[in-house]
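Visitor: Hello! Could you show me around this structure, one piece at a time?

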Amino acid sequence: MNAGDRVRVERAAQTYEGVLLPSSTPEHLVVKLDGGYNVGIDREDASVDVLESDVYDVESAQDEQSQSAIEFDDDLPTVSLISTGGTIASTVDYRTGAVTAQFDAEDVLRAVPDLAGMANYRGRVVANILSENMTPAVWQDLAKAVHEEIENGADGIVVMHGTDTMQYSASALSFMLDTPVPIVFTGSQRSADRPSSDNVMNAVSAVEAATSDCAEVLVCMHADESDDRCALHRGTRVRKNHTSRRDAFETVGAKPLGEVDYDIDGESTVTFHREYTERDAADLALHDNIETDVELLKFSPGMDPSLLEVAAEDSDGIVIEGTGLGHVNTDWIGTIEELDIPVVMTSQCLEGRVCDRVYDTGRDLLDAGVTEGEDMLPGTAKVKLMWALANSDDVADTMQEPLAGEIQQRSTPWL
């Protein structure tokens with residue numbers, strides 16, 4: 001079978017029928033379904049029947065797409081476009097649904113031609129993985145790549161990333177890098193071959209943010225369901241709050257740090273609502289050492305404390321997502337006290353601050369050695385604990401010190 005063949009694939013009692021597309025990994029098949037969506041299927045244990053050969057000439061279609069060139073303009077800023085995977089920069093051929101496996105500046109401009117004339121671009125691949133397959137090792141590779149691009153003169157960075165774990169990666173780079181230029185994560189909730197795709201507006205807005213004065217790690221995604229505005233979220237305060245909406249991302253506990261008013265004619269504007277680190281205020285530095293054996297455990301009623309023991313085994317630290325002000329069942333306290341690793345308490349509540357001094361359970365947790373996670377998001381707290389274990393002599397103090405906007409000074413209503 002070859003790319004362009006019409007195939008029927010059966011695996012795990014599921015049947016898929018469509019056109020076989022090129023795959024970026026030998027372990028997966030990619031099939032363009034009749035409804036327009038692409039599906040990735042593990043080759044292992046898959047049964048494939050070729051229904052019709054050479055339905056589409058995918059190879060020629062890709063060759064046609066490869067004919068492009070860009071020119072360098074000395075009057076424009078240089079933005080490095082770094083890919084980790086996801087759909088935002090996929091170059092789609094609308095006859096076949098095929099996507100190019102390569103990623104360079106020309107590929108991005110083919111996918112999002114609206115970017116032309118906004119900046120000079122460099123393209124770089126750090127990984128080509130699904131967002132759920134992101135690992136701390138890739139965070140380290142990404143931080144090093146961003147550091148190198150800035151060292152080599154990039155005026156801003158745009159990281160193209162799958163949306164499901166974008167908030168973790170943005171948090172990781174917030175702690176790993178001191179940056180004199182903006183580092184902007186963006187992605188796409190809907191693929192480029194769908195009429196409602198958000199890839200163009202998100203990419204254009206991300207480049208606008210990458211050339212702005214805010215030298216922080218940001219996440220740039222739709223601010224609402226319309227195509228007129230992208231929100232700029234601080235990388236340590238953002239959370240994906242919807243599975244499929246284009247405005248899935250929200251800043252927790254505050255309004256977004258800023259926004260990009262999108263203009264299809266190229267007159268987009270960037271506005272910030274609060275203080276931020278200005279461009280060139282920080283010297284470039286890389287702190288990418290992390291301890292990867294950190295667990296995030298969500299407490300629920302009736303949960304056996306033995307699960308905490310299992311999570312702590314061979315772990316260097318644990319973040320607990322407790323109830324309310326930061327509580328767990330009192331039966332857990334003895335187990336926590338016996339652990340010889342840092343335990344950080346966060347809350348399942350989306351708003352507010354951990355305070356274990358109000359009720360007896362909280363005070364007992366503090367006596368057992370728990371560190372309050374203030375108003376950090378649980379995922380951010382996990383990433384920060386990984387970083388603090390490798391970079392701090394006093395992990396508890398570091399976890400309670402705001403380093404990259406992850407801890408707000410006060411939890412107050414923001415509407």
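**A short tour**

Visitor: How far does helix H3 reach from its first C-alpha to its last?
Guide: Welcome! Please keep in mind that this is a predicted model. Helix H3 covers residues 136-151, which makes 16 residues. At 1.5 Å a residue, 22 Å is expected, and the reach from first C-alpha to last is close to that, at 23 Å.

Visitor: Which glycine follows H3, and is its phi positive or negative?
Guide: Let's step just past the helix. The residue to look for there is glycine 153, which follows H3.

Visitor: At what angle do helix H4 and helix H9 pack?
Guide: H4 spans residues 166-176 and H9 spans residues 378-391. H4 passes H9 in a right-handed crossing. Their axes lie 9 Å apart, and the packing angle is about 35 degrees.

Visitor: How many residues of the contact of H4 with H9 are nonpolar?
Guide: On the H4 side, Tyr168, Ser171, Ala172, Phe175 and Met176 take part, and they meet residues of H9 including Val383 and Trp387. Of the residues in this contact, 3 are polar and 1 is charged, while the nonpolar ones number 6.

Visitor: Which strands stand at the edges of the open sheet?
Guide: The sheet has 8 strands in the order S7-S6-S8-S10-S11-S12-S15-S16, with mixed pairing. An edge strand here has a single partner strand, so one side of it is left without a neighbour in the sheet. That describes S7 (120-125) and S16 (269-272).

Visitor: Which residue in S12 stands opposite valine 219?
Guide: Strands S11 and S12 run antiparallel and are joined by 5 bridges. S11 holds residues 217-222 and S12 holds residues 229-234. Opposite valine 219 stands histidine 233.

Conventions: Residues numbered from 1 in each chain as written. Predicted model: local features only at pLDDT ≥ 70, side-chain atom pairs only at ≥ 80, totals over all residues. Heavy atoms only, no water. Helix = DSSP H or I, 4+ residues; strand = E, 2+ residues; numbered from the N terminus. Expected span 1.5 Å × (residues − 1). Axes fitted to C-alpha atoms, helices over the stretch in contact; angles between N-to-C directions. Left-handed = near helix turned anticlockwise from the far one by under 90°. Contact = heavy atoms within 4.5 Å. Nonpolar A, V, L, I, M, F, W, Y, C, P; charged D, E, K, R; others polar. Pairing = 2+ DSSP bridges.
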